[in-house]
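Please look through the sequence and the model below, and then read the report that follows, which goes from one part of the structure to the next.

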Amino acid sequence: RNSLSYNDVTAFCEDRGGNIWIGTDGGGLNLFDPATNTFKVFKYNPYDPKSLGSNEVLHIMEDSEGNLWVATWGGGLDLLDRKTCHFTRFMADLQKKDAISSNYVQKIFEDSTNHLWIATYYGGLNLFDRKTRRFTRFSSGGNGASVQGNNMVSINQDKAGNLWFGTDDGGLNCYQSGSKNIVHYFDKEEKIPDLRVLFVDSKGRIWAGQTGLYL
């Protein structure tokens, strides 16, 4: 195949082999081989539980172990087995407290200690344990350490190891690496900004924003 599956592109990821993974908003996941200039397409198949969970891909990430993770809108979190080209879907389950909290996944982030953090819409924040394949949830109003807002849209980490989470309904959250407390921040007018982009600059400052810019 010599063309992209869909023109609405939402995500890019270059893996350690130099291949380019491209997410689309309706056309599934594309694998571009620079050596042959060809595309391989992965799409959702309602009759195949090992297919991509949704054709709406929001984020793609290759972790430190070489695993490829795909965040989908409505299809949960997907893990690709590159040998078989099969996906393992991690889906929300109201009967299981250690399942992912929402099928609407926005971002996947691996921190400096190789933990995987999953930002979801409607379900807050999740921490994934690769050994047990279980999730720990951090939701708004939950017991213990809780986040402000359940619509998580961005993640980053500063040089001190603190994790920053942007939302579109709860401002900015910071998971402090030393105390493991979660601190909540709002802008000066006490409005709740849509913080879809988080950036840590060379001076350690946190930049956050989307339509507006917050520092």
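## The pair Asn30 and Val41

Asn30 stands opposite Val41 in strand S4, and the two strands concerned, S3 (residues 29-33) and S4, run antiparallel and are joined by 5 bridges. Here strands are DSSP runs of E with at least two residues, numbered from the N terminus, and two strands pair if DSSP finds at least two bridges between them. This is a predicted model, in which local features need pLDDT of at least 70 and side-chain atom pairs count only at pLDDT 80 or more, while totals for chains, interfaces and linings use all residues. Residues are numbered from 1 along each chain as its sequence is written, and side-chain values use heavy atoms, with hydrogens and water left out.

The open sheet that holds these strands has 4 strands in the order S1-S2-S3-S4, with antiparallel pairing. Its edge strands are S1 (9-14) and S4 (38-42), each of which pairs on one side only. Neighbouring strands of this sheet are turned by 20 degrees against each other on average, direction ignored, where axes are lines fitted to C-alpha atoms and angles run from 0 to 180 degrees between N-to-C directions.

## The sheet from S5 to S8

Another open sheet is formed by 4 strands in the order S5-S6-S7-S8, and the pairing is antiparallel. The edge strands are S5 (57-62) and S8, each pairing on one side only, and neighbouring strands of this sheet are turned by 25 degrees against each other on average, direction ignored. Within this sheet, strand S6 (residues 68-72) and S7 pair in the antiparallel sense over 4 bridges, and Leu68 has Leu80 in S7 as its bridge partner.

Cys85 lies in the loop between strand S7 (77-81) and strand S8 (86-90), and its phi is near 60 degrees, a positive value in a residue other than glycine. Most residues other than glycine have a negative phi. Cys85 is partly exposed, with a relative accessible area of 28%; buried means under 20%, exposed over 50% and partly exposed in between, with a 1.4 Å probe and protein chains only.

Ser102 is found in the loop between S8 and S9, where the residue is buried, with a relative accessible area of 5%. A polar atom of the Ser102 side chain lies 3.1 Å from the backbone nitrogen of Tyr104.

Strand S9 is mostly covered, since 5 of its 6 residues are buried. S9 and S10 pair in the antiparallel sense over 5 bridges, with Leu116 in S10 as the bridge partner of Glu110. The hairpin of these two strands has 5 residues between them, and there Asn114 takes a positive phi near 70 degrees. Asn114, in the loop between S9 (105-110) and S10 (116-120), is partly exposed, with a relative accessible area of 38%.

## The second largest pocket

Which residues line the second largest pocket? Its lining consists of Asp111, Ser112, Thr113, His115, Trp117, Leu127, Gln157, Gly161, Leu163, Tyr175, Ser177 and Lys180. A pocket is an open set of points on a 1 Å grid over the protein atoms alone, where a 1.4 Å probe fits, with protein on both sides within 12 Å along at least five of seven lines, and lining residues have an atom within 4 Å of a point.

The volume of this pocket is about 200 Å³, taken as the space filled by probe spheres set on the points, with grid points joined across faces, edges and corners. By class, the lining has 4 nonpolar, 6 polar and 2 charged residues, where Ala, Val, Leu, Ile, Met, Phe, Trp, Tyr, Cys and Pro count as nonpolar, Asp, Glu, Lys and Arg as charged, and the others, Gly among them, as polar.

Methods: A polar contact is a pair of N or O atoms within 3.5 Å; within protein, one must be able to donate a hydrogen and the other to accept it, and residues adjacent in sequence count only if both atoms are side-chain atoms.
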